[in-house]
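I wanted to go through some helix contacts and a pocket in this model. My notes follow the display.

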Amino acid sequence: MSYKARVPLSSVRPSGQNPRRDFGDVGALARSIAATGGQPVNPIVVADLGDGADGEPSFRIVDGERRYRALLELGAAEADVLVCSDWGEAEEAVAMMATDDKKALSDEERARGFQGMLALGVGDETVSGASGVDVGTVRRIRSMRAELPEQTSMDAMIAACGFDDPEDRAAVLAASDPGARAAQIRRRREDEAARGSLRALMEPALPSVEWRPGRAPAPWNGPAGLAYVRRVSRAADVDEVARRCAGESLVAWADGGSWSVWREVDEGAESRRGAEAESARAASADALRGFLEGVARWVCRLGSVPRDVAALTREGRGWHDPAVALGLDGRSEECPADADLALAMDSDPSVHEALVMLYRMRSPRGIRAWSGPAGSFDGDMASRAEDLWDAALAGGWDPSGCEAMAAELGAWRASATEGGES
């Protein structure tokens, strides 16, 4: 219950709970009050504290400290006030948030007022109505009130209350950009949750994996003794790693919301395997090169191209200059310019086409297209080599000197049979 009264200014004192620190131009307000009769249009709101030690009534300002200061500047002895006899400290703090005819609160003052309301136990609905912060957020901020520094901004309080971990809240409250820091923490937490789900799938499927802290190294720049396998970001990736690396020792690093998986390797063995593979590739290339050159020389001597061989070399049609492809102009060491090939340039165009195709196939680029990564012939390329071999034999070609190619084709046939290919 409240009532109006005129009381001595000496019995009125400011409230220590007032969030306002900047009182603006009090002199201008004093002049305005003087011009309108010497008392504020809106009375100062005070709380009745009862009689003081001297037996005189004592009042504490709830709302209107700027008006109180203006009256002091005018030298007034009394003030018209609205006395709140049954308001608690909570309502006092709420009144301090009113901004109807006063200088608007700064963000800092608003934040201090908000914290003051929490400290005084103001109800969540009331705090929400006075501050404009939704009730749910008010409740979350109240639960972390003990952690709030005095100078915390409203943005920081709202951003921090979204986290359960005290360390995360402290990081947001201390940040110069609370919103950005909160977003960063949320991404980190989401990544951790995603990796946790993947790890639960990986541990039974990959029992030998070692989980290493920190961020994953780049796939092309890993530690010694480790070879990159792949990034695991879904269940299907787990199954693939389990198939590729069955029984191997693995290492996993955090990679955003996924895992970067590596396998332990014997560097010496890897080097030996690499050298062996390179040697196999070179042997396959030499075998294929010798075979294609032998067929080309046979076509030159024959002076015509058997139908089946012509069909297999038809892709040569459309190359503009057989001499360039064959190396007869001296620009390519891959295609020696011997007398047989020189004479062939005057023969039937189909011979030209066959020679162009054969010598293009035996170039380094062509060899790479024929052979697989392991060094042996691969898939359709190997099948095509076999067809050309059989067609040349049927046309009367003598395979003498191409024993290495025969061995390559034999190995490919055996591999295809084991793999279920026809």
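Which residues in helix 5 meet which residues in helix 6? I found D124, E125, V127 and S128 in helix 5 meeting V135, V138, R139 and R142 in helix 6, where contact means heavy atoms within 4.5 Å. By class, I noted three nonpolar, one polar and four charged residues in this contact. Ala, Val, Leu, Ile, Met, Phe, Trp, Tyr, Cys and Pro count as nonpolar, Asp, Glu, Lys and Arg as charged, and the others, Gly among them, as polar.

Before going on, I noted that this is a predicted model, in which local features need pLDDT of at least 70, side-chain atom pairs count only at pLDDT 80 or more, and totals for chains, interfaces and linings use all residues. Residues are numbered from 1 along each chain as its sequence is written, and side-chain values use heavy atoms, with hydrogens and water left out.

Axes are lines fitted to C-alpha atoms, for helices over the stretch in contact, with angles from 0 to 180 degrees between N-to-C directions.

**Helices 1 and 2.** I then checked helix 1 (residues 26–35) against helix 2 (residues 65–74), and their axes lie 8 Å apart at an angle of about 75°. That makes this pair roughly perpendicular. From helix 1, V26, G27, L29, A30, I33 and A34 take part, and they meet R66, R67, R69, A70, L71, E73 and L74 of helix 2. I sorted this contact into eight nonpolar, one polar and four charged residues.

**Helices 8 and 9.** Helix 8 (residues 166–174) and helix 9 have axes that come within 8 Å and cross at roughly 150°. The two are therefore roughly antiparallel. I listed D168, A171 and V172 in helix 8 as meeting P178, R181, A182, I185, R188 and R189 in helix 9. That contact has five nonpolar, no polar and four charged residues.

**Second largest pocket.** I looked up its lining: R188, D191, E192, R195, R215, A216, A254, D255 and G256. A pocket here is an open set of points on a 1 Å grid over the protein atoms alone, where a 1.4 Å probe fits, with protein on both sides within 12 Å along at least five of seven lines; lining residues have an atom within 4 Å of a point. Helix 9 gives the largest share of this lining, four residues.

Terms used
Parallel < 35°, antiparallel > 145°, perpendicular 65-115°, else oblique.
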